[in-house]
Amino acid sequence: MALQSGLYVVATPIGNLGDITARAIDTLAKVDVIAAEDTRHTGRLLQHLAISKPMISLHEHNEREKSELLVGRIASGQSVALVSDAGTPLISDPGYHLVSAVREAGFLVSPVPGACAVVAALSASGLPSDKFVFEGFLPSRSAARRAYLGTLISEPRTLVFYESPHRIVESIEDLAFIFGGERQMVIGRELTKAFETMLCGTILQVKERVCADDNQQKGEFVILLRGAVPAVAQESVTPECDRLLRALLKEVPIKLASKIAADVTGIGKNQLYERALVLQGKRD
Ligand code: SAM
């Protein structure tokens with residue numbers, strides 16, 4: 001079936017070439033033209049998929065000018081796919097101006113979802129994933145990075161950052177400086193690729209492992225940080241609540257103990273889980 005004219009925002013793999021959906025392949029095969037962040041890079045993916053298609057380069061330096069051209073093509077009835085080098089376009093990648101321009105002109109913009117490093121990392125991190133804040137790339141200079149991280153110190157939701165290999169060690173050091181070494185963190189490295197690793201632990205534990213192994217400083221990274229336990233709620237852990245938790249911990253596993261105590265007291269179960277770790281002597 002032919003595609004309706006409009007813009008299709010197509011996710012491509014973040015490493016493993018198997019991570020592309022059947023609909024993404026179908027869309028790339030059927031559109032009139034593909035707008036790609038790097039045409040050589042996308043050319044290799046298309047070759048792998050045995051798709052031959054005209055491409056237009058669309059990157060951060062020419063996006064506004066190319067958006068006008070592409071809106072014109074859609075106005076004349078064509079269908080356009082937008083892809084970036086990896087993952088979902090617009091997520092720390094070009095495409096925002098094009099999507100806005102096509103929407104403003106009143107034409108179809110349709111997502112063809114798939115891989116995205118932030119979601120992949122979060123889904124396997126073991127950190128709370130019901131609410132999270134994606135912060136993209138941190139400032140590249142340490143002073144600015146520390147200042148920015150300082151604004152996130154009381155954020156209760158899980159924090160997610162992208163980071164490049166030449167800044168990974170410095171960024172972990174800055175996380176320790178601002179959040180203290182005991183906050184839980186996870187680093188997802190080279191996800192879906194041959195040397196994928198997920199390092200989990202306190203900031204200091206993870207830093208030690210990254211610094212001790214040069215390989216852990218290579219590749220692509222997603223940094224995840226457990227959110228802050230809200231200060232007000234922390235005060236509400238009363239001696240009664242501690243007694244209840246202690247009694248439950250003698251009988252049931254920590255997760256269930258925290259859940260039951262949360263149901264009884266109305267205090268958040270993540271907070272009670274943290275408190276239970278303290279009571280068990282596993283956390284200061
Ligand atoms: N649009 C992409 C997405 O959907 O995730 C992100 C593009 S952004 C320019 C590239 C950054 O995403 C990398 O520097 C890294 O922080 C993260 N990233 C991309 N692929 C990754 C992977 N396979 N493993 C870990 N991080 C990855």
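**The largest pocket**

Helix 2 gives the largest share of the lining of the largest pocket, 4 residues. This is a predicted model; local features need pLDDT of at least 70, side-chain atom pairs count only at pLDDT 80 or more, and totals for chains, interfaces and linings use all residues. Residues are numbered from 1 along each chain as its sequence is written, and side-chain values use heavy atoms, with hydrogens and water left out.

Helices (H or I, at least four residues) and strands (E, at least two) are DSSP runs, numbered from the N terminus. Besides helix 2 (39–49), strand 7 (158–163), strand 8 (184–189) and strand 10 (221–225) each supply at least two lining residues.

How many residues line the largest pocket? There are 32, and Ile14, Asp85, Ala86, Gly87 and Glu220 lie nearest its centre. The lining divides into 13 nonpolar, 10 polar and 9 charged residues.

**Confidence**

On pLDDT, the predictor's confidence in each residue from 0 to 100, the protein chain averages 94, and 98% of the residues score at least 70. Where pLDDT is low, the predicted coordinates should not be read in detail.

**Cysteines**

A disulfide is a pair of cysteine sulfur atoms within 2.5 Å, and the count comes to 0.

How values were computed. On a 1 Å grid over the protein atoms alone, a cavity is a set of points where a 1.4 Å probe fits but cannot get out, and a pocket is an open set with protein on both sides within 12 Å along at least five of seven lines; lining residues have an atom within 4 Å of a point. Ala, Val, Leu, Ile, Met, Phe, Trp, Tyr, Cys and Pro count as nonpolar, Asp, Glu, Lys and Arg as charged, and the others, Gly among them, as polar.
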